[in-house]
Amino acid sequence: MALISLEHVTKEYDGKPVVNDLSLKVDQGELFVLVGTSGSGKTTTLKMINRLVDPTSGVIEFADKPLTSYKMRDLRWDLGYVLQQIALFPTMTVAQNIAVIPEMKGWSRQKIRTATDELLTTVDLPPAEYRNRMPSELSGGQQQRIGILRALASRPKVVLMDEPFSALDPISRTQLQDMLLHLHRALKNTVIFVTHDMAEAMKLGDRIGVMRGGKLLQVDTPEKIATNPANDFVADLFKGAQANQGLQVTLSQLAPFAADVSARHAVGGNLTLAEALPLLDAHEALHVNSEHGAFVVNTHSVVAYLASAFVDQNTETKE
Amino acid sequence: MADLWRTISERHGELLSALGQHIEISLIALMIAVVIAIPLAVWVQTHHKTAAVLLQVTGVLQTIPSLALLGLLIPFVGIGTLPAIIALVVYALLPIFQNTYIGLRDIDPSYEEAADAFGMSRLRKLFKVELPIALPVILSGVRTAMVMIIGTATLAALIGAGGLGTFILLGIDRNDAALTLMGALAAALLAIVFSWLLNVMQKVSWKVSVGVVAVAIFGMVGSQVYTYVTAPKETITIAGKLGSEPDILINMYKELIQKADPDVGVTLKSNFGQTSFLYNALRTDKIDIYPEFSGTVLASLTKPSAAQQQQVTAGKDNYPLAKKLLAKQGLSYLKPMAYNNTYALVVKESFAKRYDLHTISDLGKIAPSIRAGFDLEFIDRQDGYKGIQSKYGLQFKVDSMDASLRYQALDRGQINLTDGYTTDAQLRQYHLVALQDDKGLFPIYRGAPLMRTAFAEKHPQLVAALNKLAGQITEKQMQTMNYAVSVKNEKAATVAHRYLVQHGLLKEVR
């Protein structure tokens, strides 16, 4: 059953629609991803759900009642929120940041402490070590883990995530995506996740809504989007994601494209292509030590690999 | 340096109480400014046009010269601590308001969005998120304001509010560098200590800070209330300008008044910096009596016509004219004392004896051998050295020198003639004599109590009491009393009392 439903929702700024007659239902326990390019209206749609933005027309319902029928505070305590800018409060410790909503809800100190420590443990940040750190003492990836815990701390029914990983480096991003999937499976909570990265959407989403120009083009499972895109735009977006996915292969898979040159800079075979590209820019050639043996890759190897990957893809979609 | 230590050890009691006054005035002003400026800056976050206007207004307020501001406030709030605090608050508003406004405005909007998205109320967001994030910027504004307040509070002494400025002003007036230095150093140290305290408070938990501030407020408000409650209900306020002479005079007034009417309470406010402060305070009923000189009345407080001006230039007694012009303003100028506190040409007693010098004209016979040291003002005045040249036809070899150095230079024999005032303590201190102005060059400055006519009519017995000083006190006697206070560090009250007793002025009128 639908936990959140948007019916004919339009948001206009200065008479121009940013979100245009959008209808959508998100089910209980679902990880729903809204994907689209910048300016597609995905973030505005998300912010209308916790009323950071109010729609110009249309109705949004949460648990079968219009948002406007809830007390603002109670509504927001039930809708966790994670920002792209992370925005941990810089004057509060890690534990105080996580406890922001529990404290407002009047939990006892003991209960807050227990919950905070449990949460920190689930994201592999030992409480004893991290509880009293300030946000500025954490890496970007660690900060966003706390950002997610802050949204989860009071057990909200829904968590809204606005491009939470797009400011992170590729390694942290992958780690946090995996962490999010793990948490989602454990908590069985409802998540609405906004991203511009189709690959991320494909990886995370139970269902994906593709947006463009304020409209929903297609809402479907990742498989259906891959096999049955509603139009060329969705198809292109998916293809782009595949190409991007191509950059996520490990260097060990480039063995067939090894170059016949020598290289002084050595790297591990489990490094992804995305991570290796900056190194290649600096060193021209890399000595890869993979479990399948050692070989050298240079920019020619990468181009040759990508060319073969794209040819495969294009022939696949034409079939 | 040795002078400084001696001064500190001699006056450590006064220093401590002045320090206390200074801290009290500064902290009260700072807290009032904080209480006004911070909420205002919070409120205008959502009113950007108002914010721009307020920034302009507080900026303009800060450009008003502090002396002018103190002067402007006297007609409305009187003298003493209140106008001083108001003026200091006015100066402190800009840095605190500006820093709070900018500190809050420049908070990354994503923090605001996060706070909103977590359902924080407006107040909770302000106290838990916005103010803590802006705190370093706000506190740097408070620190700027505080250092400025502690510095500017030295001027509070000019309007009878006390504080460390008293030493600075007295030191300047008495040419006592150690005294000035003591006041200035204490004020500077105070600024440094408080700046440091603010830093410490920033680091300790806010609960401790709030506690400390609360105790400070409680203590100060308590002492204010106590002072207010214990103050006598019906009092006459007598004020005096900066220096030992007005201080001695107002102490005499006080004794004479209390002798005439033991039930009346008398408050003394000494060491006011400016004639205009006292004059305005008197006219607006903030003080009741102050001693004024006839020469000052004609030069600064009234506008005599050209004809009237002409009458009094030739060294004639200008008291009757001053009295007449003041009466038109509704002010009563009581009978004057004997002495004339005016410019004088001064030589050593031994020098006068050797050449048989009594009058300025006597200098004619030895003019070529005279080496004079005058201050720049005197050299340039028509009723100064210029008049000496034209009226007496005297020409000396003249060095210009700072007023504070001339007596010492005379004492050491570097010069043998200088300008001074007829009642200066230094005349007694260095055994000097003032030559008689036999051709009436210098304007006449006769001192008498000034009060509102309405006040004089209501208190005829006080007028009678004060008139006992009429024709009393010669220049020599005044020199001696000034010497006792400013060189010997006797209390003005003691010196005043001694004079009144010795001259039988405390006997009953009837």
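Let's start with the sheet in chain A of this predicted model: four strands make an open sheet in the order β2-β1-β4-β5, and their pairing is antiparallel. The edges belong to β2 (16–27) and β5 (65–66) of chain A, and each has a single partner strand, so one side of each is left without a neighbour in the sheet. Now look at how β5(A) is held: two bridges join it to strand β4 (residues 57–62) of chain A, and the two run antiparallel. If you want to find one of the residue pairs, go to A:E61, whose bridge partner in β5(A) is A:P66.

Helix α1 (residues 42–49) of chain A packs on this sheet, where it touches β1 (2–13), β2 and β4 of chain A. The helix direction makes about 120° with that of β1(A).

Next, turn to where the two chains meet. The size of an interface is often given as the accessible area lost when the parts come together. Here chain A and chain B bury about 1,600 Å² between them, with 68% of it on carbon and sulfur atoms. Chain A puts 21 residues into the contact and chain B puts in 15 residues.

There's some charge pairing here too: three salt bridges are counted between chain A and chain B. B:K128 forms a salt bridge with A:E103, with the closest N and O atoms 3.2 Å apart. On the side of chain A that touches chain B, the elements giving two or more residues are α2 (72–77), β6 (79–82) and α4 (100–104) of chain A. Of these, α4(A) gives the most, with four residues. Sort the residues on that side of chain A and you get 13 nonpolar, three polar and five charged.

How values were computed
Residues are numbered from 1 along each chain as its sequence is written. Chains are lettered from A and ligands numbered from 1 in the order in which they are written. This is a predicted model: local features need pLDDT of at least 70, side-chain atom pairs count only at pLDDT 80 or more; totals for chains, interfaces and linings use all residues. Side-chain values use heavy atoms; hydrogens and water are left out. Two strands pair if DSSP finds at least two bridges between them. Contact means heavy atoms within 4.5 Å. Axes are lines fitted to C-alpha atoms, for helices over the stretch in contact, and angles run from 0 to 180 degrees between N-to-C directions. Buried area is the accessible area (1.4 Å probe) that two parts lose on being put together, summed over both. A salt bridge is a side-chain nitrogen of Lys or Arg within 4 Å of a carboxyl oxygen of Asp or Glu. Ala, Val, Leu, Ile, Met, Phe, Trp, Tyr, Cys and Pro count as nonpolar, Asp, Glu, Lys and Arg as charged, and the others, Gly among them, as polar.
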